[in-house]
Amino acid sequence: MDLDQFLAAAAACIDAYEASIRAASDFQFTLARALDVEPIRSIAATCGDLTRDLGATAVSSARWLLDV
Amino acid sequence: MTATAGLAPAPDGRTRLHWETTGSGAPVLLIHGLGLSGGAWWRTVPVLARRLRVITFDNRGTGRSQAASLAYTTEAMADDAAAVLDAAGLERVHVYGISLGGMIAQQLALRHPDRVRSLVLGATQPGGPRARPPDAEVLEFLGSRLHMQPRDAARASIPFNYGTRCRDEDPERIEEDIAQRLAHPFSEAAYAAQLYAGAVHNCYGRLDRIAVPTLVVHGALDRMIPVANAHLIAGRIPGARLRILEDSGHLYPTEAPEVDVEIAAFLQALS
């Protein structure tokens with residue numbers, strides 16, 4: 001595997017990870033909206049925020065390091 | 001009846017985004033930059049609203065919008081923008097973002113491609129290792145601004161936001177901007193959170209996936225976000241047009257208001 005192939009594979013992995021983060025945070029937000037009971041709603045919304053924003057930071061860093 | 005203003009719930013159900021709309025025609029969503037509310041588009045809205053329906057909103061943590069999270073990302077702020085479109089009942093719009101708003105616009109086009117009809121990316125950067133950072137003096141100012149009073153911060157930002165021609169020949173226009181900015185103060189926490197969003201923004205590697213007509217606008221004398229970033233973005237988005245404003249700095253709508261007419265023409269031609 002040459003460098004270009006490695007970077008393409010790494011970029012695909014990062015894309016897949018990003019998609020999973022998005023699915024997970026969307027699920028938590030959906031749960032938060034559906035369960036109109038405190039503190040469950042707030043906990044689910046906070047978890048969704050953290051999943052999305054920490055995940056986005058990790059994905060950004062990985063793309064930065066690999067320049068993909 | 002179509003609503004003309006409202007509070008849009010963000011995906012987390014707790015963040016609320018104040019939005020407004022004016023004019024009629026093809027819709028264009030405006031996204032403003034660091035610490036500024038939708039009201040900061042006051043020069044641009046009347047020009048675009050002659051032929052277009054213009055939607056502005058306050059980014060989370062600014063103006064009349066409320067944020068529930070401590071840290072922001074451009075991903076979260078792009079999802080906010082999509083939530084504003086939902087609240088306004090709009091499926092697909094032109095999107096014009098400036099500075100941090102341009103970064104949010106990039107994310108919106110990548111995360112919600114079906115919602116974006118065209119892009120105008122003003123005075124912004126793509127993120128990633130190839131993006132050109134501002135000089136050390138600007139970085140020092142951005143850090144120290146956290147602890148300044150709003151009036152002092154607005155004054156101290158002048159050399160970084162405006163080119164020399166505007167500072168010498170049109171100081172009254174800068175005073176108008178400052179008056180507008182002071183009318184909509186924002187919290188230190190929101191400023192820090194938005195600064196973080198800009199710092200970790202990274203779309204460079206994926207800009208070639210943007211498939212809508214794109215216009216990149218940048219002031220050649222921009223110190224906040226060096227003009228090299230406009231060349232990077234325009235070189236990466238297929239078919240993107242690049243418009244460099246030779247005498248302008250970061251806040252080019254104040255320095256070169258005629259560009260709003262060009263942007264309106266670009267959007268209208270696609271409508």
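## The Loop of Chain A

A:Pro39 lies in the loop that joins H1 and H2 of chain A. The structure described here is a predicted model. The peptide bond leading from A:Glu38 into A:Pro39 is cis, and its omega angle is near 5°. In general, most peptide bonds are trans.

## The Overall Form of Chain A

Chain A contains two helices and zero strands. Its C-alpha atoms fill a box of roughly 55 × 15 × 10 Å along the principal axes. How does the radius of gyration of chain A stand against that of a compact globule of 68 residues? Such a globule would have a value near 11 Å, but chain A has 16 Å.

Of the 68 residues in chain A, 25% are buried. Among the contacts in chain A with a separation of 6 or more, 55% are made by residues 24 or more positions apart.

## The Overall Form of Chain B

The secondary structure of chain B comprises 12 helices and eight strands. Along its principal axes, the C-alpha trace of chain B spans about 45 × 40 × 35 Å. A compact globule with 271 residues would have a radius of gyration near 18 Å, and the 17 Å found for chain B agrees with this.

Buried residues account for 55% of the 271 residues in chain B. When contacts in chain B between residues at least 6 apart in sequence are considered, 77% of them join residues at least 24 apart.

## Two Residues of Chain B with Positive Phi

Most residues other than glycine have a negative phi. Two residues of chain B may be read against this background. B:Ser99 is not a glycine, yet it has a positive phi of about 60°. B:Ser99 is located in the loop between strand S5 (93–98) and helix H3 (100–111) of chain B. Is B:Ser99 buried or exposed? A residue is buried if 20 or more other C-beta atoms lie within 10 Å of its own. B:Ser99 has 25 C-beta neighbours inside 10 Å and therefore counts as buried.

B:Ala123 is likewise a residue other than glycine with a positive phi, in this case near 45°. Where in chain B is B:Ala123 placed? B:Ala123 belongs to the loop between strand S6 (116–122) and helix H4 (136–144) of chain B. B:Ala123 also counts as buried, because it has 29 C-beta neighbours inside 10 Å.

## Confidence in the Model

The model scores ipTM 0.92 and pTM 0.95. For chain B, the mean pLDDT is 94, and 99% of the residues of chain B reach 70 or more.

Definitions and conventions
Residues numbered from 1 in each chain as written. Chains lettered and ligands numbered in written order. Predicted model: local features only at pLDDT ≥ 70, side-chain atom pairs only at ≥ 80, totals over all residues. Helix = DSSP H or I, 4+ residues; strand = E, 2+ residues; numbered from the N terminus. Rg over C-alpha atoms; globule rule 2.2 N^0.38 Å. Buried ≥ 20, exposed ≤ 12 C-beta atoms within 10 Å, placed from the backbone. Contact = placed C-beta atoms within 7 Å. pLDDT = per-residue confidence, 0-100.
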